Amino acid sequence: LLVLLATMIFVNVAQGLHPLLVAKSSTADINLEEATPESLESLGRSGLIGLWHNLPAGALLNDDGAFFYRGTLMKTGPLHRATSFITHNLFSPRDCDFWLGKFIESSGGGQNVFKPHRAQGAAGKNRRDSPVRSRDFCVRQGNSRIDRRPCFYLDYNDGRRKNRFPWNGMRDELRMVRPGMYLGLGSMSATGGPFNSALFVLEKQKVAPSRIPVR
């Protein structure tokens, strides 16, 4: 089992390093202005990371206010099922069971947004059914740890509410696909750092914070 896991991690990392050499060819078959999570996912892990290397940092904090960005995990690479389990089941706080996305403020603060467990029967009448914001982070602009080019990064060791291990070792690096859409590489120190990243897409939603959809 350990050998299998080590092999999967090696392949996952290798698929992230290879596009450094062939990144220019990874965006040929996609119109970024009309990109969707599904069309991006069709590029595969190597193609997505190749695309990420060529994207601009964007303007994540330019609009005043606070915005919900719907999150979609990319089902690519040998570890995508493990990533899904960690994100939805372990990263989610108590009484929640699904990651919905991120709540980002123009001031540079932010939280992840989660779906609470569905209330069941009379015993669940008083349970909340609105989204839960937790796992705080601080948004900064700087150079990527992967290729030293500009990106926005989310620092989980510097949010308003401190995260415990292993979540305090998380870092998400974001680059803009098109206005309102960002491709992210999420990593944890405990699982190998930035070269063993999970891929996700964030899409800006035009909804009030209190009306974040619970799916």
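**Inside the protein**

Author: Let's start with Cys151, which is buried, at a relative accessible area of 0%. Buried here means under 20% relative accessible area, with exposed being over 50% and partly exposed in between, using a 1.4 Å probe and protein chains only. Cys96 is buried too, at 6%.

A quick word on the ground rules. This is a predicted model, where local features need pLDDT of at least 70 and side-chain atom pairs count only at pLDDT 80 or more, while totals for chains, interfaces and linings use all residues. Residues are numbered from 1 along each chain as its sequence is written, and side-chain values use heavy atoms, with hydrogens and water left out.

Back to cysteines: a search of the whole structure turns up zero disulfides, a disulfide being a pair of cysteine sulfur atoms within 2.5 Å.

Now for the nonpolar cores. A nonpolar core is a set of buried Ala, Val, Leu, Ile, Met, Phe, Trp, Tyr and Cys residues joined through side-chain atoms within 4.5 Å. In soluble globular proteins, nonpolar side chains tend to be buried together. The largest core here has 23 residues, and Leu60, Phe91, Trp99, Val139, Leu174, Tyr182 and Leu202 have the most contacts inside it. Several strands supply at least two residues each to this core, among them β4 (132-143), β5 (150-155) and β7 (181-188). Strands are DSSP runs of E, at least two residues long, and helices are runs of H or I, at least four, numbered from the N terminus. There is also a second, separate core of 16 residues, which includes Ile49, Met74, Met181 and Val201.

Zoom in on Val139. If you leave aside neighbours within four places in sequence, Val139 is in contact (heavy atoms within 4.5 Å) with residues including Leu60, Ile104, Phe152 and Leu154.

Arg135 has a relative accessibility of 17%, so it counts as buried. Again leaving aside neighbours within four places in sequence, its contacts include Phe91, Pro93, Phe114, Tyr156 and Trp167. Take Tyr156: Arg135 and Tyr156 are 21 residues apart in sequence, yet 7.5 Å apart in space, C-alpha to C-alpha.
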